[in-house]
Structure formats: C-alpha cells, structure tokens
Amino acid sequence: MYHTQLKRKRREEAILLSLKKLDFLTRSQIQVLHDLKSDRNAQRVLKQMEEYVSCFRDGENVYYLNAKGRQLVGCNKVRKKNTNVLHYIMRNYIYIAFGAPETWRNEIRIKNGTNRRDMITVIADALFKMDGRYHVVEVDNEQHMKKNATKMEKYRRLIERGAFGSNPPVFVWITKTEYRREAIKKLCEGLEHYVFTLADFNA
C-alpha cells in the first residue's frame with residue numbers, strides 16, 4: 001500500500017514539474033510524457049490531481065498549475081487561460097518529438113555585439129542542445145511571415161558572427177498549414193532545418 005502511494009506521489013510530482021517547465025499541457029501530451037497508457041487511465045490520474053491543477057477544454061483538456069500546484073513545485077509564474085495557449089501547445093509537440101531534452105530552455109535571448117548600435121538580439125521560442133549542437137525552436141502561430149523572415153535574417157547574422165560556436169544550429173519550426181510550411185522552408189534554405197505542422201502530431 002505504501003509503495004503504491006509513493007509511486008503515485010512521485011508520478012504526480014513529475015507531472016507538476018512538467019507543467020512548471022512547459023506552462024500548459026494537453027491531456028494527450030501529459031499521457032505521452034509520463035507514460036500514462038490509456039486515455040481512461042490518464043483522465044483518472046489527472047482527476048486525482050485536481051487539487052494542484054486547473055484545466056479548460058480546447059479540443060481536449062488543457063492543464064496548468066493552480067496556486068497550490070505552483071506552491072508545491074516552487075513555481076513563480078502564474079498561468080491563466082489566454083489567447084496564446086496554442087503557442088505553448090505547439091512548442092510542447094517539439095519538446096516531446098525530440099525526447100524531452102534535459103537542456104531544453106524556453107524563451108531564450110540570443111545576442112551578439114559589443115555596443116547598442118552593433119548588437120543583434122533575437123528571442124528563440126526555445127533552445128536545446130543535442131549531440132553537441134544547438135537546436136533553435138520557433139513556433140509559427142499567428143505572426144506575419146515577414147516577421148519570421150526578419151527573425152531568420154537575424155539568425156543568419158548571428159551564425160556569421162559565431163554566436164552558436166563553430167557549428168551552425170539546427171532550426172526546428174512548427175506551423176499550422178502546408179502553405180506556411182513551404183514558406184518557412186524557403187526562409188531556412190542553406191541551413192539544416194525541420195518544419196513540422198500540427199497535422200504531423202494530430203494524425
């Protein structure tokens with residue numbers, strides 16, 4: 001009995017820590033990340049955690065830490081349902097697809113330059129290192145393609161300046177449509193890249 005309770009507590013803590021790291025997670029994303037097997041079992045586990053998490057429906061249940069959950073895992077960020085939730089959900093698909101990298105960091109500022117006039121600054125949606133190489137994650141949710149083009153131009157200049165070391169990074173994008181996938185591929189020409197769409201993960 002004690003062993004079962006301890007196992008449940010560890011599993012719940014692991015799920016809460018994932019929510020701390022990733023902000024919002026769908027039921028199916030939690031299911032995959034924490035090997036909760038069947039849909040029914042995942043729903044049961046998350047129902048038992050109502051004390052620590054809040055959720056809302058958006059196709060499926062989307063979970064985030066409530067005040068008690070934040071306190072339990074030492075999270076200072078307050079998350080509420082907002083119009084930008086899909087951005088987080090899309091980014092999470094990449095996190096899961098690449099095996100939940102330990103080096104994963106969200107919203108990372110990358111800059112290079114010695115003074116304000118010379119400075120190049122870009123904020124990556126996420127950054128992780130795999131096999132000794134940086135991977136830059138970008139989410140194309142609602143922004144204009146012109147903004148994506150400007151961002152990629154900044155990345156090219158950062159690469160020229162050696163901001164990523166001797167090895168250029170791999171760019172990992174996620175977008176919504178095939179049309180936008182093809183447009184992003186053109187922006188990444190000459191650089192190693194992957195461009196996913198939501199359909200790749202919701203097939």
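Predicted model: local features only at pLDDT ≥ 70, side-chain atom pairs only at ≥ 80, totals over all residues.
Local features required pLDDT of at least 70, side-chain atom pairs counted only at pLDDT 80 or more, and totals for chains, interfaces and linings used all residues. Residues are numbered from 1 along each chain as its sequence is written, and side-chain values use heavy atoms, without hydrogens or water.

Five strands form an open sheet in the order β4-β5-β6-β7-β8, with mixed pairing. Strands (E, at least two residues) and helices (H or I, at least four) are DSSP runs, numbered from the N terminus. Two strands pair if DSSP finds at least two bridges between them. β4 (105–112) and β8 (193–197) are the edge strands; each has a single partner, so one side of each lacks a neighbour in the sheet. From one strand to the next, the twist averages 35 degrees. β4 and β5 (residues 120–130) run antiparallel and are joined by seven bridges. Asn112 has Ile120 in β5 as its bridge partner.

Helix α5 packs on this sheet and touches β4, β5, β6 (133–139), β7 (170–175) and β8. Contact means heavy atoms within 4.5 Å. The direction of α5 makes about 135 degrees with that of β7. Axes are lines fitted to C-alpha atoms, for helices over the stretch in contact, and angles between N-to-C directions run from 0 to 180 degrees. Helix α7 (residues 178–187) also packs on the sheet, touching β7 and β8. Its direction makes about 170 degrees with that of β8.

α5 spans residues 85–97 and reaches 19 Å from first C-alpha to last, close to the expected 18 Å. The expected span is 1.5 Å times one less than the number of residues. In α5, 10 of the 13 residues are buried, so the helix is largely enclosed by the rest of the structure. Buried means under 20% relative accessible area, exposed over 50%, and partly exposed in between (1.4 Å probe, protein chains only). The buried residues include His87, Arg91 and Asn92. Just after α5, Gly99 takes a positive phi of about 80 degrees.

The largest nonpolar core has 39 residues; Ile15, Phe24, Ile94, Trp104 and Ile174 touch the most other members. Such a core is a set of buried Ala, Val, Leu, Ile, Met, Phe, Trp, Tyr and Cys residues joined through side-chain atoms within 4.5 Å. α5 gives the most to this core, with seven residues. A second, separate core of 17 residues includes Leu127, Val136, Ile184 and Val195.

Lys68, in helix α4 (residues 67–73), is partly exposed, with a relative accessible area of 41%.
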